[in-house]
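The following briefing treats one interface and one ligand site. Please consult the sequence and structure shown here.

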There are 2 protein chains.
Amino acid sequence: MSKPIFERVAILGLGLLGASLAHAVRRGGLAGEIVGYARSLETRDRVRELGFCDQVCDSAADAAKGADLVVLCAPVGAFGALAETIAPHLRTDCIVTDVGSVKSAVVRDVSPHIPDGVHFIPGHPIAGTEQSGPDAGFAELFDGRWCILTPIGAAEDDVSHTADRAEVEKLARFWRACGSNVDFMDPHHHDLVLAITSHLPHLIAYNIVGTAADLETVTQSDVIKYSAGGFRDFTRIAASDPTMWRDIFLNNREAVLEMLGRFTEDLSALQRAIRWGDGDALFERFSRTRTIRRSIIDAGQDSPVPDFGRHAKPGDKKA
Amino acid sequence: MSKPIFERVAILGLGLLGASLAHAVRRGGLAGEIVGYARSLETRDRVRELGFCDQVCDSAADAAKGADLVVLCAPVGAFGALAETIAPHLRTDCIVTDVGSVKSAVVRDVSPHIPDGVHFIPGHPIAGTEQSGPDAGFAELFDGRWCILTPIGAAEDDVSHTADRAEVEKLARFWRACGSNVDFMDPHHHDLVLAITSHLPHLIAYNIVGTAADLETVTQSDVIKYSAGGFRDFTRIAASDPTMWRDIFLNNREAVLEMLGRFTEDLSALQRAIRWGDGDALFERFSRTRTIRRSIIDAGQDSPVPDFGRHAKPGDKKA
Ligand SMILES: NC(=O)c1ccc[n+]([C@@H]2O[C@H](COP(=O)([O-])OP(=O)(O)OC[C@H]3O[C@@H](n4cnc5c(N)ncnc54)[C@H](OP(=O)(O)O)[C@@H]3O)[C@@H](O)[C@H]2O)c1
Ligand SMILES: NC(=O)c1ccc[n+]([C@@H]2O[C@H](COP(=O)([O-])OP(=O)(O)OC[C@H]3O[C@@H](n4cnc5c(N)ncnc54)[C@H](OP(=O)(O)O)[C@@H]3O)[C@@H](O)[C@H]2O)c1
């Protein structure tokens with residue numbers, strides 16, 4: 001256990017992300033003190049029971065007071081109001097960051113409230129599960145995953161080169177100590193990348209699960225029984241928190257609509273190939289996709305075990 | 001180990017399904033003799049090395065000769081020609097079945113070649129992984145999964161009630177001994193159910209991986225690095241064998257196009273909600289999907305562990 005990086009870390013929002021962060025901070029001994037806040041008394045009481053925060057406050061302002069790191073871990077639609085609430089209480093030189101899944105809208109909503117002398121450095125750890133709430137958190141969530149920081153006003157050729165370079169470095173060191181790799185991007189590019197790697201996959205998963213629920217020709221019980229053919233993987237993704245995802249789609253509209261347009265265009269071409277029995281076109285399209293899977297496994301971003309290891313036999317290696 | 005159910009089981013096609021079936025038959029001692037055939041010398045030689053068949057023949061006819069159970073395990077587009085080749089060599093009273101992912105087209109292609117006295121009972125085990133070839137096979141593939149039989153000419157109110165009821169029972173017993181649960185359906189209904197639970201999910205997964213590969217605004221390396229946000233799950237499904245999937249879409253056209261039409265309609269509604277910032281509509285759509293996930297887990301068709309157990313901690317239970 002190394003010397004704490006921050007004296008007092010305030011985590012606002014104590015669901016999957018906030019709780020996991022608290023666990024990781026404690027595991028690494030990265031803070032003198034971990035202070036938490038969540039909206040509902042129910043969640044705050046549950047966190048007091050679980051004990052992964054040193055202190056749970058009944059207001060965001062109290063939690064943020066005196067902190068040298070504040071991390072926004074609520075759904076992104078709540079960030080503006082949270083920032084406004086805590087602003088008058090922030091200590092000079094404090095770093096404010098977040099874990100929100102979109103970045104341009106967060107910059108738009110949060111920046112105006114940040115007082116002089118406080119450093120706002122937006123962030124997004126690319127790590128999660130389909131579960132939510134404080135009980136879902138665990139220290140290993142960020143291990144080996146990427147965390148993207150999008151410092152504001154960064155130089156074009158070096159996104160980590162900003163006025164508050166020292167603070168950006170410190171925050172990067174903090175995330176590395178939480179188990180992450182750290183990368184830098186501008187907010188707009190972040191939103192495009194995540195639109196295709198995360199937001200569109202979730203939209204499609206929610207959509208097909210909805211489509212399946214509405215069929216008259218196939219019963220719900222058929223769908224459930226025979227879901228092992230592929231459908232069950234989509235239900236996992238579509239089990240994610242609806243509030244979080246509503247906020248993401250409301251706040252990354254342009255990028256999501258752009259990716260969705262491409263997706264629909266490509267799907268129409270596949271539909272046409274099926275309708276006209278064009279086996280060559282289908283084969284060609286289906287042959288291009290194995291390489292990318294291999295690269296993801298080689299990059300350590302997924303397990304090589306078939307079926308995500310659901311069938312893992314003793315002796316099989318997990319990634 | 002119980003008494004063998006069949007004297008000689010011939011498996012035609014020795015990839016993931018054929019190899020897994022051979023392993024399961026051997027594990028259960030379900031056949032006096034397991035005989036295999038695959039199209040290429042390379043695969044046949046590999047299976048000889050792997051040793052999961054008692055005998056590997058260089059022609060489908062030789063493998064089928066004298067068998068009391070023949071299982072077609074090639075891609076469905078090859079079934080008609082295979083059936084035609086083996087027909088003259090089939091022993092009277094032999095059961096011919098298959099593992100193909102579509103059923104109406106298989107009935108159409110195979111039935112005309114089946115000689116009098118031979119019992120053709122189409123089947124489909126709902127079990128698989130994204131891998132293919134003889135090395136991918138393993139005995140546990142069918143454990144706890146469903147196998148659907150679609151006996152021909154069955155009574156409307158009792159799909160297992162056919163002229164060859166004894167043979168249907170025997171085949172069902174065989175699949176149960178391989179670890180499966182057995183269900184009966186008519187071929188048309190099977191194709192509708194699988195169109196939504198398996199074929200459409202694969203089509204969508206292939207499509208989004210293709211869309212991602214073609215973007216100019218986001219690099220391939222961005223997509224790979226940040227795939228943990230959801231995309232990587234789709235790449236697993238899209239890593240499946242292109243020949244197998246081409247054949248499925250060519251042979252389940254109507255049902256797939258119907259499901260695809262529904263999916264696209266629903267996706268347009270979501271697109272509209274995003275464009276107009278209709279948060280209530282998004283929230284409502286995203287709230288309906290958790291129940292179905294829970295039912296799939298309760299039905300034993302998926303693991304309850306978050307993220308398919310990729311993050312499993314020691315002490316976590318696997319389903
Ligand atoms: N889940 C993922 O996979 C993932 C991955 C990367 C980033 N993220 C981002 O992480 C953030 C949190 O996601 P999560 O999965 O941790 O969600 P979660 O498990 O649902 O937790 C959300 C937390 O935020 C609190 N909260 C909700 N509304 C609030 C408000 N108006 N003001 C203050 N606090 C509020 C909730 O309090 P109550 O319990 O009292 O309602 C809860 O403690 C989101 O911005 C999301 O985009 C998520
Ligand atoms: N994979 C799944 O998840 C899954 C699940 C349920 C059902 N199924 C069905 O199972 C069947 C096999 O799939 P699989 O995943 O086992 O595929 P696979 O691993 O690619 O194996 C296919 C096997 O069929 C042989 N074959 C190919 N073309 C042939 C032909 N024209 N004549 C004779 N043999 C031929 C191949 O021989 P070579 O190696 O010599 O080319 C290989 O041994 C398909 O009908 C599929 O629809 C698959």
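Buried area is the accessible area (1.4 Å probe) that two parts lose on being put together, summed over both. By that definition, chain A and chain B bury about 10600 Å² between them, 65% of it on carbon and sulfur atoms. This is a predicted model, in which local features need pLDDT of at least 70 and side-chain atom pairs count only at pLDDT 80 or more, while totals for chains, interfaces and linings use all residues. Residues are numbered from 1 along each chain as its sequence is written, chains are lettered from A and ligands numbered from 1 in the order in which they are written, and side-chain values use heavy atoms, with hydrogens and water left out.

**Interface of chain A and chain B**

- Chain A and chain B each bring 108 residues to the contact (heavy atoms within 4.5 Å).
- Tyr226(A), Ile274(A) and Phe286(A) supply 7% of the area that chain A buries against chain B, more than any other three residues.
- Between the two chains there are 11 salt bridges (a side-chain nitrogen of Lys or Arg within 4 Å of a carboxyl oxygen of Asp or Glu).
- A salt bridge joins the side chains of Asp233(B) and Arg236(A), at 2.7 Å from N to O.

**Ligand 2**

- The shell around ligand 2 holds 27 residues, and the closest are Arg39(B), Ser40(B), Thr43(B), Ala74(B) and Ser101(B) (a heavy atom within 4 Å).
- Oxygen atoms of ligand 2 lie 2.7 Å from a polar backbone atom of Ala74(B) and 2.9 Å from one of Leu16(B).
- Taken alone, ligand 2 exposes 900 Å², of which the protein buries 86% (Shrake-Rupley method, 1.4 Å probe).

Note on methods: A polar contact is a pair of N or O atoms within 3.5 Å; within protein, one must be able to donate a hydrogen and the other to accept it, and residues adjacent in sequence count only if both atoms are side-chain atoms.
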